[in-house]
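Have a look at the sequence and the 3D view first, and then we'll go through some of the details.

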Amino acid sequence: MNRSIARRLALMFALVALFVFTLVGTGLFLVLRTQLEHHLRESLDDRTQIARIIVYHAVTPEKWRMAREKLTDMTPHDGSTVYSVSSTDPYFHYSAPVQGTVQKSWQGGYARVSPPGGGQDMLTVMVTIPAYGARPPVQLQVASSYSPNVRTMRVFGSALAALSALGSLAVLLLSYSVARIGLAPLTRLTREASEVSPNNRSQRLNTAALPHELNDLANSFNGALERLDGAYGRLESFNADVAHELRTPVTILIGQTEVALTRNRSVEDLRHTLQSNLEEFERMRAIINDMLFLARADQGERATGLVEVSLAAEVAHTLEFLEIPLEEARVFAQLHGDAMARVNRSLFGRACTNLLMNAIQHCAPGATINVTIARDVDQLRVAVANPGDPIEPAVLEHLFDRFYRAEVSRTNSRENHGLGLAIVKAIAEMHRGAVSVESANGINTFAFSIAASRVESDSAATARVNAGAAALAAEQTAAAGYSSLKGKSA
(Lines give C-alpha, C1' and ligand atoms only; values in the text may rest on other atoms or scores of the structure.)
Protein backbone atom coordinates (compact mmCIF):
# COMPACT_ATOMS: atom_id res chain seq x y z
CA MET A 1 0.00 0.00 0.00
CA ASN A 2 1.40 3.38 -1.01
CA ARG A 3 1.88 5.81 1.84
CA SER A 4 0.93 9.46 1.65
CA ILE A 5 3.81 11.90 2.10
CA ALA A 6 1.43 14.42 3.68
CA ARG A 7 0.25 11.85 6.21
CA ARG A 8 3.78 10.78 7.00
CA LEU A 9 4.87 14.38 7.51
CA ALA A 10 1.83 15.12 9.68
CA LEU A 11 2.45 12.00 11.77
CA MET A 12 6.13 12.88 12.23
CA PHE A 13 5.25 16.46 13.22
CA ALA A 14 2.68 15.14 15.69
CA LEU A 15 5.23 12.74 17.21
CA VAL A 16 7.76 15.55 17.49
CA ALA A 17 5.14 17.78 19.10
CA LEU A 18 4.18 15.02 21.55
CA PHE A 19 7.83 14.51 22.43
CA VAL A 20 8.31 18.25 23.02
CA PHE A 21 5.09 18.49 25.04
CA THR A 22 6.20 15.51 27.12
CA LEU A 23 9.58 17.08 27.84
CA VAL A 24 8.06 20.44 28.73
CA GLY A 25 5.31 18.81 30.79
CA THR A 26 7.80 16.67 32.69
CA GLY A 27 9.87 19.74 33.44
CA LEU A 28 6.84 21.68 34.63
CA PHE A 29 5.70 18.71 36.71
CA LEU A 30 9.06 18.45 38.46
CA VAL A 31 9.28 22.20 39.02
CA LEU A 32 5.75 22.31 40.46
CA ARG A 33 6.44 19.36 42.76
CA THR A 34 9.62 21.00 44.02
CA GLN A 35 7.87 24.30 44.62
CA LEU A 36 4.95 22.67 46.44
CA GLU A 37 7.33 20.77 48.66
CA HIS A 38 9.24 24.00 49.34
CA HIS A 39 6.01 25.76 50.27
CA LEU A 40 5.05 22.82 52.50
CA ARG A 41 8.34 23.18 54.38
CA GLU A 42 7.85 26.92 54.77
CA SER A 43 4.34 26.35 56.12
CA LEU A 44 5.71 23.67 58.44
CA ASP A 45 8.39 26.07 59.66
CA ASP A 46 5.76 28.70 60.45
CA ARG A 47 3.64 26.24 62.44
CA THR A 48 6.73 24.90 64.20
CA GLN A 49 7.80 28.40 65.19
CA ILE A 50 4.38 29.19 66.65
CA ALA A 51 4.19 25.86 68.49
CA ARG A 52 7.72 26.32 69.81
CA ILE A 53 6.83 29.74 71.28
CA ILE A 54 3.73 28.29 72.92
CA VAL A 55 5.59 25.34 74.44
CA TYR A 56 8.62 27.38 75.42
CA HIS A 57 6.57 29.76 77.63
CA ALA A 58 4.65 26.95 79.35
CA VAL A 59 6.90 27.06 82.41
CA THR A 60 4.25 26.03 84.96
CA PRO A 61 1.61 23.32 85.01
CA GLU A 62 -1.13 25.93 84.63
CA LYS A 63 0.57 27.47 81.60
CA TRP A 64 1.23 24.03 80.18
CA ARG A 65 -2.49 23.29 80.39
CA MET A 66 -3.18 26.47 78.44
CA ALA A 67 -0.46 25.54 75.93
CA ARG A 68 -2.12 22.20 75.33
CA GLU A 69 -5.42 23.89 74.67
CA LYS A 70 -3.77 26.20 72.15
CA LEU A 71 -2.09 23.27 70.40
CA THR A 72 -5.47 21.55 70.24
CA ASP A 73 -7.08 24.61 68.73
CA MET A 74 -4.25 24.80 66.13
CA THR A 75 -4.73 21.14 65.08
CA PRO A 76 -7.09 20.87 62.06
CA HIS A 77 -9.94 18.38 62.21
CA ASP A 78 -8.81 16.64 59.01
CA GLY A 79 -5.48 15.74 60.60
CA SER A 80 -3.45 17.53 57.97
CA THR A 81 -1.25 19.00 60.71
CA VAL A 82 -0.21 17.13 63.85
CA TYR A 83 1.54 18.48 66.97
CA SER A 84 3.16 16.27 69.59
CA VAL A 85 5.29 16.96 72.67
CA SER A 86 7.24 14.38 74.65
CA SER A 87 9.51 14.63 77.67
CA THR A 88 10.76 12.68 80.69
CA ASP A 89 7.92 14.09 82.75
CA PRO A 90 4.64 12.41 81.73
CA TYR A 91 2.75 15.58 82.66
CA PHE A 92 4.47 17.57 79.94
CA HIS A 93 3.25 15.32 77.19
CA TYR A 94 0.90 16.04 74.29
CA SER A 95 -0.39 13.68 71.60
CA ALA A 96 1.52 10.76 70.04
CA PRO A 97 4.35 11.53 67.62
CA VAL A 98 4.02 10.52 63.96
CA GLN A 99 5.89 7.30 63.36
CA GLY A 100 6.48 5.13 60.31
CA THR A 101 8.96 4.49 57.52
CA VAL A 102 11.23 7.38 56.65
CA GLN A 103 11.11 7.80 52.87
CA LYS A 104 13.47 10.74 52.66
CA SER A 105 15.25 13.11 55.05
CA TRP A 106 16.81 16.55 54.72
CA GLN A 107 19.07 18.75 56.75
CA GLY A 108 17.37 20.60 59.61
CA GLY A 109 15.53 17.54 60.92
CA TYR A 110 13.01 17.28 58.08
CA ALA A 111 11.80 13.83 57.09
CA ARG A 112 9.11 12.34 54.89
CA VAL A 113 7.40 9.60 56.83
CA SER A 114 4.96 6.98 55.55
CA PRO A 115 2.77 5.92 58.47
CA PRO A 116 1.81 2.27 58.81
CA GLY A 117 -1.55 1.24 57.40
CA GLY A 118 -1.19 3.11 54.09
CA GLY A 119 -2.09 6.60 55.19
CA GLN A 120 -0.89 9.81 53.61
CA ASP A 121 2.78 10.63 53.87
CA MET A 122 3.69 13.31 56.41
CA LEU A 123 6.49 15.90 56.40
CA THR A 124 7.85 16.05 59.97
CA VAL A 125 10.34 18.16 61.84
CA MET A 126 11.65 17.57 65.38
CA VAL A 127 12.71 20.48 67.62
CA THR A 128 14.32 20.22 71.10
CA ILE A 129 13.15 22.89 73.54
CA PRO A 130 15.43 23.32 76.59
CA ALA A 131 14.11 23.33 80.20
CA TYR A 132 12.67 26.56 81.49
CA GLY A 133 11.18 27.14 84.95
CA ALA A 134 9.33 24.08 86.17
CA ARG A 135 9.18 22.60 82.62
CA PRO A 136 11.76 19.97 81.76
CA PRO A 137 13.36 19.80 78.30
CA VAL A 138 10.84 18.57 75.72
CA GLN A 139 10.82 17.27 72.11
CA LEU A 140 8.39 19.10 69.83
CA GLN A 141 7.31 17.37 66.62
CA VAL A 142 5.21 19.10 63.99
CA ALA A 143 3.93 17.13 60.98
CA SER A 144 2.05 18.27 57.86
CA SER A 145 0.27 15.98 55.41
CA TYR A 146 1.35 15.62 51.78
CA SER A 147 -2.30 15.15 50.74
CA PRO A 148 -2.81 18.67 49.29
CA ASN A 149 0.41 18.36 47.31
CA VAL A 150 -0.52 14.92 46.02
CA ARG A 151 -4.00 16.09 44.94
CA THR A 152 -2.55 19.14 43.24
CA MET A 153 0.07 17.10 41.39
CA ARG A 154 -2.50 14.52 40.33
CA VAL A 155 -4.84 17.16 38.89
CA PHE A 156 -1.94 18.98 37.25
CA GLY A 157 -0.54 15.77 35.71
CA SER A 158 -3.94 14.76 34.32
CA ALA A 159 -4.53 18.21 32.86
CA LEU A 160 -1.03 18.28 31.40
CA ALA A 161 -1.45 14.85 29.77
CA ALA A 162 -4.81 15.83 28.30
CA LEU A 163 -3.48 19.11 26.97
CA SER A 164 -0.44 17.35 25.47
CA ALA A 165 -2.67 14.84 23.72
CA LEU A 166 -5.00 17.55 22.41
CA GLY A 167 -2.03 19.66 21.32
CA SER A 168 -0.50 16.71 19.46
CA LEU A 169 -3.83 15.99 17.76
CA ALA A 170 -4.12 19.64 16.74
CA VAL A 171 -0.56 19.55 15.36
CA LEU A 172 -1.41 16.35 13.46
CA LEU A 173 -4.45 17.91 11.78
CA LEU A 174 -2.81 21.25 11.07
CA SER A 175 0.39 19.59 9.82
CA TYR A 176 -1.60 17.44 7.40
CA SER A 177 -3.28 20.52 5.95
CA VAL A 178 -0.02 22.44 5.78
CA ALA A 179 1.81 19.46 4.23
CA ARG A 180 -0.84 19.13 1.52
CA ILE A 181 -0.49 22.81 0.73
CA GLY A 182 3.30 22.54 0.72
CA LEU A 183 3.22 19.45 -1.53
CA ALA A 184 0.93 21.06 -4.08
CA PRO A 185 3.88 21.68 -6.49
CA LEU A 186 4.74 17.98 -6.28
CA THR A 187 1.15 17.07 -7.10
CA ARG A 188 1.25 19.36 -10.12
CA LEU A 189 4.60 17.86 -11.11
CA THR A 190 3.11 14.37 -10.90
CA ARG A 191 0.15 15.40 -13.02
CA GLU A 192 2.40 16.86 -15.71
CA ALA A 193 4.61 13.77 -15.68
CA SER A 194 1.59 11.49 -16.12
CA GLU A 195 0.64 13.39 -19.28
CA VAL A 196 3.91 12.48 -21.03
CA SER A 197 3.31 9.77 -23.66
CA PRO A 198 4.83 8.58 -26.95
CA ASN A 199 2.41 10.87 -28.76
CA ASN A 200 3.83 14.03 -27.13
CA ARG A 201 7.45 13.14 -26.47
CA SER A 202 8.46 16.78 -26.73
CA GLN A 203 6.52 17.74 -23.59
CA ARG A 204 8.70 18.70 -20.62
CA LEU A 205 7.98 19.57 -17.01
CA ASN A 206 7.60 23.25 -16.21
CA THR A 207 10.34 24.12 -13.71
CA ALA A 208 9.77 27.87 -13.55
CA ALA A 209 7.32 27.84 -10.62
CA LEU A 210 8.81 24.93 -8.70
CA PRO A 211 10.52 25.36 -5.32
CA HIS A 212 14.25 24.82 -5.06
CA GLU A 213 13.91 21.33 -3.55
CA LEU A 214 11.93 20.06 -6.56
CA ASN A 215 13.80 21.96 -9.25
CA ASP A 216 16.67 19.47 -9.40
CA LEU A 217 14.23 16.56 -9.53
CA ALA A 218 12.29 18.14 -12.39
CA ASN A 219 15.48 18.94 -14.29
CA SER A 220 16.68 15.35 -13.85
CA PHE A 221 13.33 14.06 -15.08
CA ASN A 222 13.46 16.38 -18.08
CA GLY A 223 16.98 15.15 -18.80
CA ALA A 224 15.73 11.57 -18.68
CA LEU A 225 12.91 12.50 -21.06
CA GLU A 226 15.46 14.07 -23.41
CA ARG A 227 17.54 10.89 -23.39
CA LEU A 228 14.50 8.69 -23.85
CA ASP A 229 13.27 10.90 -26.67
CA GLY A 230 16.64 10.66 -28.36
CA ALA A 231 16.77 6.90 -27.88
CA TYR A 232 13.22 6.54 -29.16
CA GLY A 233 14.10 8.64 -32.20
CA ARG A 234 17.23 6.60 -32.85
CA LEU A 235 15.19 3.42 -32.52
CA GLU A 236 12.67 4.67 -35.04
CA SER A 237 15.49 5.65 -37.41
CA PHE A 238 17.21 2.32 -36.81
CA ASN A 239 14.05 0.39 -37.59
CA ALA A 240 13.52 2.42 -40.74
CA ASP A 241 17.13 1.85 -41.83
CA VAL A 242 16.91 -1.87 -41.13
CA ALA A 243 13.69 -2.10 -43.13
CA HIS A 244 15.30 -0.17 -45.99
CA GLU A 245 18.48 -2.28 -45.99
CA LEU A 246 16.63 -5.59 -45.87
CA ARG A 247 13.95 -4.52 -48.35
CA THR A 248 16.48 -3.98 -51.13
CA PRO A 249 17.95 -7.52 -51.21
CA VAL A 250 14.52 -9.07 -50.62
CA THR A 251 13.11 -7.08 -53.55
CA ILE A 252 16.01 -8.17 -55.73
CA LEU A 253 15.54 -11.81 -54.73
CA ILE A 254 11.83 -11.69 -55.46
CA GLY A 255 12.36 -9.95 -58.82
CA GLN A 256 15.07 -12.31 -60.01
CA THR A 257 13.06 -15.34 -58.91
CA GLU A 258 9.92 -14.10 -60.67
CA VAL A 259 11.86 -13.46 -63.87
CA ALA A 260 13.44 -16.90 -63.69
CA LEU A 261 9.99 -18.49 -63.32
CA THR A 262 8.38 -16.67 -66.26
CA ARG A 263 9.80 -19.16 -68.78
CA ASN A 264 12.10 -22.11 -69.10
CA ARG A 265 15.72 -21.26 -68.39
CA SER A 266 18.92 -22.99 -69.24
CA VAL A 267 21.06 -24.45 -66.51
CA GLU A 268 23.57 -21.65 -67.00
CA ASP A 269 20.90 -18.98 -66.60
CA LEU A 270 19.58 -20.66 -63.46
CA ARG A 271 23.13 -20.95 -62.11
CA HIS A 272 23.64 -17.24 -62.72
CA THR A 273 20.34 -16.43 -60.98
CA LEU A 274 21.17 -18.61 -57.97
CA GLN A 275 24.62 -17.07 -57.75
CA SER A 276 23.10 -13.59 -57.75
CA ASN A 277 20.57 -14.68 -55.15
CA LEU A 278 23.40 -16.12 -53.04
CA GLU A 279 25.11 -12.74 -53.06
CA GLU A 280 21.93 -11.10 -51.80
CA PHE A 281 21.56 -13.76 -49.10
CA GLU A 282 25.16 -13.15 -48.06
CA ARG A 283 24.38 -9.44 -47.85
CA MET A 284 21.29 -10.09 -45.70
CA ARG A 285 23.25 -12.42 -43.44
CA ALA A 286 25.97 -9.80 -43.04
CA ILE A 287 23.41 -7.15 -42.08
CA ILE A 288 21.70 -9.46 -39.56
CA ASN A 289 24.99 -10.63 -38.03
CA ASP A 290 26.21 -7.05 -37.70
CA MET A 291 22.97 -6.02 -36.05
CA LEU A 292 23.22 -8.92 -33.56
CA PHE A 293 26.82 -8.02 -32.75
CA LEU A 294 25.91 -4.37 -32.14
CA ALA A 295 22.94 -5.38 -29.99
CA ARG A 296 25.21 -7.48 -27.78
CA ALA A 297 27.76 -4.69 -27.60
CA ASP A 298 25.01 -2.29 -26.48
CA GLN A 299 24.52 -4.44 -23.38
CA GLY A 300 27.90 -3.29 -22.08
CA GLU A 301 29.88 -6.40 -22.90
CA ARG A 302 33.66 -6.21 -22.55
CA ALA A 303 36.20 -7.94 -24.74
CA THR A 304 37.58 -11.20 -23.32
CA GLY A 305 40.11 -13.72 -24.56
CA LEU A 306 42.73 -10.98 -24.42
CA VAL A 307 46.31 -11.74 -25.40
CA GLU A 308 49.44 -9.60 -25.34
CA VAL A 309 50.27 -8.78 -28.96
CA SER A 310 52.16 -6.29 -31.09
CA LEU A 311 49.59 -3.98 -32.61
CA ALA A 312 51.87 -3.32 -35.57
CA ALA A 313 52.05 -7.07 -36.27
CA GLU A 314 48.25 -7.35 -36.15
CA VAL A 315 47.80 -4.39 -38.49
CA ALA A 316 50.44 -5.81 -40.85
CA HIS A 317 48.53 -9.11 -40.90
CA THR A 318 45.35 -7.22 -41.82
CA LEU A 319 47.17 -5.32 -44.60
CA GLU A 320 48.45 -8.61 -45.96
CA PHE A 321 44.92 -10.01 -45.99
CA LEU A 322 43.66 -6.90 -47.83
CA GLU A 323 46.40 -7.04 -50.44
CA ILE A 324 43.98 -7.85 -53.28
CA PRO A 325 41.53 -4.96 -52.49
CA LEU A 326 44.52 -2.61 -52.25
CA GLU A 327 45.79 -3.75 -55.64
CA GLU A 328 42.34 -3.45 -57.21
CA ALA A 329 41.97 0.10 -55.92
CA ARG A 330 45.63 0.85 -56.90
CA VAL A 331 46.39 2.42 -53.52
CA PHE A 332 49.28 1.86 -51.11
CA ALA A 333 49.42 1.47 -47.33
CA GLN A 334 52.16 2.43 -44.91
CA LEU A 335 52.41 1.45 -41.23
CA HIS A 336 53.96 3.69 -38.57
CA GLY A 337 54.64 2.99 -34.89
CA ASP A 338 54.03 0.03 -32.65
CA ALA A 339 52.84 -0.79 -29.14
CA MET A 340 52.13 -3.86 -27.03
CA ALA A 341 48.59 -4.31 -25.76
CA ARG A 342 46.14 -6.94 -24.56
CA VAL A 343 43.38 -7.28 -27.16
CA ASN A 344 40.95 -9.76 -28.60
CA ARG A 345 42.80 -10.45 -31.85
CA SER A 346 39.71 -11.24 -33.91
CA LEU A 347 37.86 -8.10 -32.81
CA PHE A 348 40.94 -5.92 -33.22
CA GLY A 349 41.52 -7.30 -36.72
CA ARG A 350 37.91 -6.66 -37.65
CA ALA A 351 38.11 -3.03 -36.53
CA CYS A 352 41.30 -2.52 -38.55
CA THR A 353 39.73 -4.22 -41.57
CA ASN A 354 36.67 -1.97 -41.45
CA LEU A 355 38.74 1.21 -41.20
CA LEU A 356 41.07 0.13 -44.01
CA MET A 357 38.18 -0.91 -46.27
CA ASN A 358 36.55 2.46 -45.60
CA ALA A 359 39.80 4.22 -46.57
CA ILE A 360 40.22 2.07 -49.71
CA GLN A 361 36.69 2.87 -50.90
CA HIS A 362 37.28 6.61 -50.55
CA CYS A 363 40.81 6.81 -51.97
CA ALA A 364 41.75 7.93 -55.45
CA PRO A 365 44.05 5.59 -57.42
CA GLY A 366 47.70 6.12 -56.59
CA ALA A 367 47.02 7.50 -53.10
CA THR A 368 48.72 6.29 -49.92
CA ILE A 369 46.93 5.20 -46.74
CA ASN A 370 48.88 5.83 -43.53
CA VAL A 371 48.21 3.65 -40.50
CA THR A 372 49.66 5.11 -37.30
CA ILE A 373 49.91 3.43 -33.89
CA ALA A 374 50.64 5.77 -30.98
CA ARG A 375 50.11 6.09 -27.23
CA ASP A 376 47.71 8.78 -26.02
CA VAL A 377 47.91 9.07 -22.20
CA ASP A 378 46.37 5.76 -21.01
CA GLN A 379 45.04 4.80 -24.45
CA LEU A 380 46.64 3.22 -27.51
CA ARG A 381 45.40 4.87 -30.69
CA VAL A 382 45.19 3.29 -34.14
CA ALA A 383 44.58 5.92 -36.83
CA VAL A 384 43.93 5.33 -40.54
CA ALA A 385 44.47 8.45 -42.67
CA ASN A 386 43.77 8.75 -46.40
CA PRO A 387 43.56 11.61 -48.88
CA GLY A 388 40.00 12.50 -49.77
CA ASP A 389 37.39 15.16 -50.18
CA PRO A 390 36.75 17.31 -47.11
CA ILE A 391 33.95 16.09 -44.85
CA GLU A 392 31.49 18.61 -43.46
CA PRO A 393 31.51 19.04 -39.64
CA ALA A 394 27.80 18.19 -39.53
CA VAL A 395 28.62 14.87 -41.20
CA LEU A 396 31.65 14.05 -39.03
CA GLU A 397 29.65 13.64 -35.83
CA HIS A 398 27.38 11.02 -37.43
CA LEU A 399 29.90 8.89 -39.31
CA PHE A 400 30.03 6.25 -36.57
CA ASP A 401 26.22 6.05 -36.37
CA ARG A 402 24.52 2.94 -37.63
CA PHE A 403 23.37 2.88 -41.26
CA TYR A 404 24.74 6.38 -41.75
CA ARG A 405 26.29 7.29 -45.07
CA ALA A 406 27.67 10.63 -46.04
CA GLU A 407 26.26 10.20 -49.58
CA VAL A 408 22.63 11.23 -49.60
CA SER A 409 21.94 9.15 -52.66
CA ARG A 410 23.30 6.03 -50.90
CA THR A 411 25.70 5.24 -53.70
CA ASN A 412 27.45 1.90 -53.66
CA SER A 413 24.84 0.56 -51.30
CA ARG A 414 25.17 -2.97 -52.59
CA GLU A 415 28.72 -3.17 -51.18
CA ASN A 416 28.27 -1.10 -48.02
CA HIS A 417 25.30 -1.27 -45.65
CA GLY A 418 26.51 1.43 -43.24
CA LEU A 419 27.46 -0.66 -40.19
CA GLY A 420 31.24 -0.90 -40.61
CA LEU A 421 32.18 2.23 -38.64
CA ALA A 422 29.48 1.50 -36.02
CA ILE A 423 31.12 -1.88 -35.45
CA VAL A 424 34.52 -0.16 -35.05
CA LYS A 425 32.99 2.03 -32.36
CA ALA A 426 31.48 -1.00 -30.59
CA ILE A 427 34.82 -2.87 -30.65
CA ALA A 428 36.65 0.18 -29.27
CA GLU A 429 34.16 0.48 -26.41
CA MET A 430 34.48 -3.25 -25.67
CA HIS A 431 38.22 -2.57 -25.19
CA ARG A 432 37.44 0.48 -22.98
CA GLY A 433 38.36 2.88 -25.75
CA ALA A 434 36.68 5.36 -28.07
CA VAL A 435 36.58 6.49 -31.71
CA SER A 436 37.34 9.77 -33.43
CA VAL A 437 37.37 11.28 -36.91
CA GLU A 438 39.09 14.34 -38.37
CA SER A 439 39.06 16.01 -41.76
CA ALA A 440 41.68 18.66 -42.42
CA ASN A 441 44.04 19.69 -45.22
CA GLY A 442 42.65 17.11 -47.61
CA ILE A 443 43.33 14.22 -45.19
CA ASN A 444 40.53 12.24 -43.54
CA THR A 445 41.60 10.36 -40.40
CA PHE A 446 39.49 7.68 -38.76
CA ALA A 447 40.82 6.31 -35.47
CA PHE A 448 39.91 4.08 -32.57
CA SER A 449 41.63 3.58 -29.23
CA ILE A 450 41.92 0.78 -26.70
CA ALA A 451 42.86 0.80 -23.04
CA ALA A 452 46.61 0.56 -22.46
CA SER A 453 46.14 -1.03 -19.02
CA ARG A 454 45.11 -4.59 -18.31
CA VAL A 455 41.45 -5.29 -19.08
CA GLU A 456 39.61 -7.36 -16.54
CA SER A 457 37.95 -10.58 -17.65
CA ASP A 458 34.18 -10.67 -17.74
CA SER A 459 31.71 -13.51 -17.20
CA ALA A 460 31.39 -16.70 -19.23
CA ALA A 461 28.38 -15.22 -20.96
CA THR A 462 30.51 -12.37 -22.22
CA ALA A 463 33.08 -14.90 -23.40
CA ARG A 464 30.42 -16.64 -25.47
CA VAL A 465 29.33 -13.32 -26.95
CA ASN A 466 32.87 -12.43 -27.93
CA ALA A 467 33.50 -15.90 -29.30
CA GLY A 468 30.50 -15.37 -31.55
CA ALA A 469 31.82 -11.95 -32.44
CA ALA A 470 35.18 -13.43 -33.37
CA ALA A 471 33.53 -15.97 -35.64
CA LEU A 472 31.43 -13.21 -37.14
CA ALA A 473 34.54 -11.13 -37.78
CA ALA A 474 36.14 -14.04 -39.62
CA GLU A 475 32.98 -14.50 -41.65
CA GLN A 476 32.82 -10.86 -42.66
CA THR A 477 36.51 -10.72 -43.56
CA ALA A 478 36.21 -13.86 -45.64
CA ALA A 479 33.16 -12.44 -47.38
CA ALA A 480 35.06 -9.25 -48.20
CA GLY A 481 37.97 -11.28 -49.61
CA TYR A 482 35.59 -13.44 -51.62
CA SER A 483 33.91 -10.40 -53.18
CA SER A 484 37.27 -8.84 -54.07
CA LEU A 485 38.59 -12.06 -55.60
CA LYS A 486 35.41 -12.51 -57.60
CA GLY A 487 35.70 -8.94 -58.91
CA LYS A 488 39.32 -9.47 -59.94
CA SER A 489 38.55 -12.73 -61.71
CA ALA A 490 35.74 -10.99 -63.57
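Before we start, one handy cut-off: a residue is called buried under 20% relative accessible area, exposed over 50%, and partly exposed in between. Also keep in mind that this is a predicted model.

**Salt bridges**

Where do Arg41 and Glu37 lie? Both are in helix H1, four residues apart, which is about one turn of the helix. Is Glu37 buried or exposed? With 15% relative accessibility, Glu37 counts as buried.

The structure holds four salt bridges.

| Salt bridge | N to O distance |
|---|---|
| Arg112 and Asp121 | 3.1 Å |
| Arg345 and Glu314 | 3.1 Å |

What about the surroundings of the other two pairs in the table? Arg345 is partly exposed, with a relative accessible area of 48%, whereas Glu314 is buried, at 9%.

**The sheet**

Now for the strands. Five of them form an open sheet, in the order S1-S5-S4-S3-S2, and the pairing is antiparallel. Which strands are at the edges? They are strand S1 (81-87) and strand S2 (101-105), and each of these pairs on one side only. On average, neighbouring strands of this sheet are turned by 30 degrees against each other, if you ignore direction.

Helix H1 comes back here: it packs on the sheet and touches S1, S3, strand S4 (122-129) and strand S5 (138-145). The direction of H1 makes about 145 degrees with that of S5.

Let's zoom in on S2 and its partner. How many bridges join S2 to strand S3 (residues 110-114)? There are four, and the two strands run antiparallel. You can trace some of the pairing yourself: Val102 stands opposite Val113 in S3, and Thr101 has Ser114 in S3 as its bridge partner. S2 and S3 form a hairpin with four residues between them. In the turn you'll find Gly108, which has a positive phi of about 95 degrees.

**A nonpolar patch**

One last stop, on the surface. Val16, Phe19, Val20, Leu23, Val24 and Leu28 make a nonpolar surface patch of about 550 Å². Phe19, one of these residues, is found in helix H1 (residues 5-56). Is Phe19 buried or exposed? Its relative accessibility is 54%, and because the cut-off for exposed is over 50%, Phe19 counts as exposed.

Definitions and conventions
Residues are numbered from 1 along each chain as its sequence is written. This is a predicted model: local features need pLDDT of at least 70, side-chain atom pairs count only at pLDDT 80 or more; totals for chains, interfaces and linings use all residues. Side-chain values use heavy atoms; hydrogens and water are left out. Patches are made of residues with over 30% relative accessible area and no salt bridge: like charges are joined within 9 Å, nonpolar side chains (Val, Leu, Ile, Met, Phe, Trp, Tyr) within 5 Å. Accessible areas come from the Shrake-Rupley method with a 1.4 Å probe; for residues, only the protein chains shown count as cover. A salt bridge is a side-chain nitrogen of Lys or Arg within 4 Å of a carboxyl oxygen of Asp or Glu. Buried means under 20% relative accessible area, exposed over 50%, partly exposed in between (1.4 Å probe, protein chains only). Two strands pair if DSSP finds at least two bridges between them. Axes are lines fitted to C-alpha atoms, for helices over the stretch in contact, and angles run from 0 to 180 degrees between N-to-C directions. Contact means heavy atoms within 4.5 Å.
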